Amino acid sequence: MKINEIVAKLRQPTPFQWRVQSRNKDKTKAFCSAYIDARQVMDVLDEHCLFGWESAFKEVDGFIFAGIGIATEGGTTLWRWDCGARVENNEKDQMYEQAGKSAASDAFKRAAVQWGIGDRKSTRLNSSHTVI
């Protein structure tokens, strides 16, 4: 399978989940946003990257970058990278480790979008109000 065939499969719609962002005072309505998580991205890569895939992370000036490399039939690995949030270097802060994990996950999902993973419509969906 050629890389363009793999990418075409990666661009197929990915089911998204809904996250409640906020509720009104009487908790009868919620403001929701569509999202995919990193595990869903990994599942898509496992399913369609027949020759394998890998990920790598690096920090540049406090920003976390993630790359996703997809192996081709010829043994070459093609990479696409993107950046997550900036993480301040404050190891004394109890939230420092969690912030780093969150930034890495965000960067990984952004790198996945570079490959076309994740229904792009889900990221363009308007957030929605719903009755609970």
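Helices (H or I, at least four residues) and strands (E, at least two) are DSSP runs, numbered from the N terminus. This is a predicted model, in which local features need pLDDT of at least 70 and side-chain atom pairs count only at pLDDT 80 or more, while totals for chains, interfaces and linings use all residues. Residues are numbered from 1 along each chain as its sequence is written, and side-chain values use heavy atoms, with hydrogens and water left out.

**View 1. The protein chain has four helices and six strands.** Followed along the sequence, these elements give the pattern α-β-β-α-β-β-β-α-α-β. Of the 132 residues in the protein chain, 31% are buried, where buried means under 20% relative accessible area, exposed over 50%, and partly exposed in between (1.4 Å probe, protein chains only). Contact means heavy atoms within 4.5 Å, and among contacts between residues at least 6 apart in sequence, 53% join residues at least 24 apart.

**View 2. Gln 40 lies in helix α2.** The residue Gln 40 is buried, with a relative accessible area of 16%. When neighbours within four places in sequence are left aside, Gln 40 is in contact with Thr 14, Pro 15, Gln 17 and Tyr 35.

**View 3. Helix α1 (residues 3-10) and helix α2 (residues 38-48) have axes that come within 10 Å and cross at roughly 140°.** Axes are lines fitted to C-alpha atoms, for helices over the stretch in contact, and angles run from 0 to 180 degrees between N-to-C directions. Ile 6, Lys 9 and Leu 10 in α1 meet Val 44, Leu 45 and His 48 in α2.

**View 4. The largest nonpolar core holds 22 residues, of which Leu 10, Val 41, Leu 45, Ile 68, Ile 70 and Ile 117 touch the most other members.** Such a core is a set of buried Ala, Val, Leu, Ile, Met, Phe, Trp, Tyr and Cys residues joined through side-chain atoms within 4.5 Å. At least two residues of this core come from each of α1, α2, β4 (63-71) and α3 (96-114), and α3 supplies the largest share, six residues. Not counting residues up to four places away in sequence, Ile 68 touches several residues, among them Val 41, Leu 45, Trp 53, Phe 108 and Trp 115.

**View 5. Cys 32 and Cys 83 are shown with their burial.** Cys 32 is buried at a relative accessible area of 8%, and Cys 83 also counts as buried, at 18% relative accessibility. A disulfide is a pair of cysteine sulfur atoms within 2.5 Å, and by this rule the count comes to zero disulfides.
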